[in-house]
Amino acid sequence: MATVELRFSALPEHVRTARLVAAAVARRAGVDEAVLDEVRLAVGEACSRAVGLHRNGGISSPVKVLLTEEEKQFSIEVGDEAPHAAPGGHTPGASGAEIEEDEMGLAVISGLVDDVEVSAGEHGGSIRMRWSTTPPAALPA
């Protein structure tokens with residue numbers, strides 16, 4: 001299992017870099033070329049969400065992205081350190097517009113990725129996305 005870890009300051013201009021790294025690592029891991037645009041968009045949405053949560057919460061710690069290649073799947077986990085409410089609760093300091101934007105971002109990600117897990121708590125949250133991979137073709141003997 002190979003893992004690439006990326007940490008970046010919660011600045012919108014770094015989201016593009018995270019998207020490019022995610023697409024490159026996904027390609028190398030064997031994610032189908034036809035799916036790479038979805039990988040880029042989903043990672044961009046998840047990273048933008050994490051950047052927004054950090055900036056709105058005044059959190060100076062970096063956003064963390066883990067890109068993991070496993071035997072038959074590739075996963076990306078985007079983590080933030082912003083406090084989140086328990087399901088059905090209210091996130092501290094969040095306005096109605098911020099909550100609606102957050103929900104819209106999660107809906108977009110869910111539309112792009114078949115296998116998504118969202119976790120959240122008082123010390124941060126994460127979005128884990130998974131894609132199937134195709135093993136590299138064997139070289140002719």
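The open sheet has five strands in the order β1-β2-β3-β5-β4, with antiparallel pairing; strands here are DSSP E runs of at least two residues, helices are H or I runs of at least four, and both are numbered from the N terminus. Two strands pair if DSSP finds at least two bridges between them. The edge strands, β1 and β4 (115-121), each pair on one side only. Between β1 and β2, which run antiparallel, there are seven bridges, and Thr3 stands opposite Thr68 in β2.

A word on the source: this is a predicted model, in which local features need pLDDT of at least 70 and side-chain atom pairs count only at pLDDT 80 or more, while totals for chains, interfaces and linings use all residues. Residues are numbered from 1 along each chain as its sequence is written, and side-chain values use heavy atoms, with hydrogens and water left out.

What does α1 lie across? Helix α1 lies across β1, β2 and β3, and runs at about 175° to β1. Angles run from 0 to 180 degrees between N-to-C directions, and axes are lines fitted to C-alpha atoms, for helices over the stretch in contact.

The axes of α1 (residues 13-29) and α2 (residues 36-57) come within 9 Å and cross at roughly 145°. Contact, meaning heavy atoms within 4.5 Å, involves Val15, Ala18 and Ala22 among others in α1, and residues including Leu36, Val39 and Val43 in α2.

Val15, Ala18 and Ala22 are also among the buried residues of α1, buried meaning under 20% relative accessible area with a 1.4 Å probe, protein chains only. After α1 comes Gly30, with a positive phi near 105°.

Notes. Buried < 20%, exposed > 50% of the residue type's maximum accessible area, 1.4 Å probe, protein only.
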